[in-house]
Structure formats: structure tokens, C-alpha cells
Amino acid sequence: MADRRTARISSRKQPRQARSTELVASILEAAVQVLATEGAQRFTTARVAERAGVSIGSLYQYFPNKAAILFRLQSDEWRQTTEMLGSILGDAAKPPLERLRTLVHAFIRSECDEAPVRVALNDAAPLYRDAPEAREAHAAGERAFASFMREALPEASEAGRALAGEMITKTMSAVGKQFSESPRTAAEIEAFADAMADMFSAYLTSCGRAA
């Protein structure tokens, strides 16, 4: 059942030539614009094709339905987030707390920049919540953070590190989402991210002392 559902929300085919790649990029860019202005409820393939300036037939060559477009946008977001986690948390040249601060700032900025599209994608989440790509992205993020926590709290128990990591990731995700739901200035984003990073740093320092 899961495989059949995933097949319906996967791209029909992958672009092989530069022209086709540009077409897909135009469709995805238009889809983001439609999501941001119309929301998930009014998101249709016809609106996307019109915004992209392509025929509906051309769109259907690559995306069989609107779910496939939404799934591609969400898959790209998962990939970008996973890459961000890996590159920032895996930078062994910087101390763990500095890496965590960098991650918090990058995450909060991303949440605020992409708030309209993210809200719309969340509305469509039931379409692809159980897709293999979702599980893989979640697992990759967990591995990156678990590796980071082993560096940040080398003396803590595995259970202690897992709890600390879960507290940080869930707080960052939930609070960052709520913060981004209102328009924010660059100064507000910077101050909020600094405060959150300070809170996490104090928490990890406390965990390290206890261990």
C-alpha cells in the first residue's frame, strides 16, 4: 500500500537535458510562488502551469498531479535541511557550542524566510508523511545530531545525550515554527537566535557538568 501511494506522488520522469531541467526548475519556482500566495487549499496544477508559463501537458510530463509537485518541494526541503545539519554540526574545526550557535541562527533564518511555503506544505503533509524519503531524511538528521552530541557531551551516558539532543531539536523546531509565523525583521531574527543559542549552550554546559 505504501509503495503504491508513494508512486502516485513521485515525479513521472526525471529531466535528462538542460532544457528539460530548466522547465522543471520553472515549474517548481512557480509552485513556490503559488503556495506562498494561494496556500495549499487553492494550489492546483493549472495555477502552477499558468504561473510558470507552460502548458498543462508539459507540466504533466514531469508531475502527474499536484501531490507530486508538493512532494518534490518537500523532498528538496528535507535534502537541504539534512545537508545543512551535516555541514554545520560536522565541522570539527569549530567547538561544539559554536557549531550549535551557527545551526540555531541558520535554522531560525530559514524558518522565517520560508514560513509561507512551509505552512502550506505542512497543510499537505498527510500526502507524503509516510514516504520513504521522509523516513530517510528524519533518520539522517538524527544521525547527524547524535554524532554531534557525542562530541558535545563525551562524558554523558548514551541515554543522557539522547535526552539532551531531543530537548534541543524539539524545542528549536517548535519554538522556531511559532516565532516564524509572524513577520520578523533581521534584527529580531538575530536577537531571537542569539537568545535561543545562549539557552541551549547553558543547558549543554549544565549537562556536561552533571555528567
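Predicted model: local features only at pLDDT ≥ 70, side-chain atom pairs only at ≥ 80, totals over all residues.
Salt bridges were searched for across the whole structure, and 11 were found. Side chains of opposite charge can pair when their charged atoms come close. Several of these pairs are set out below.

Asp194 belongs to helix α10 (residues 186-210) and Arg101 to helix α6, so the pair ties together parts that are 93 residues apart in sequence. Asp194 is partly exposed, at 28% relative accessible area. Arg101 is also partly exposed, at 27%.

A salt bridge also links the side chains of Arg42 and Glu38, at 2.8 Å from N to O. Arg42 has a relative accessible area of 43% and is therefore partly exposed. For Glu38 the value is 30%, which again counts as partly exposed.

Glu181 pairs with Lys177 in a further salt bridge, where the closest N and O atoms lie 2.9 Å apart. Glu181 is partly exposed, with 48% relative accessibility. Lys177 is partly exposed as well, at 33%. Elsewhere, salt bridges form a network that links Arg72, Asp76, Arg79 and Glu83.

Glu111 sits in helix α6, which spans residues 96-113. Its relative accessibility is 9%, under the 20% cut-off, so Glu111 counts as buried.

Technical notes:
Residues numbered from 1 in each chain as written. Heavy atoms only, no water. Helix = DSSP H or I, 4+ residues; strand = E, 2+ residues; numbered from the N terminus. Buried < 20%, exposed > 50% of the residue type's maximum accessible area, 1.4 Å probe, protein only. Salt bridge = Lys/Arg side-chain N within 4 Å of Asp/Glu carboxyl O.
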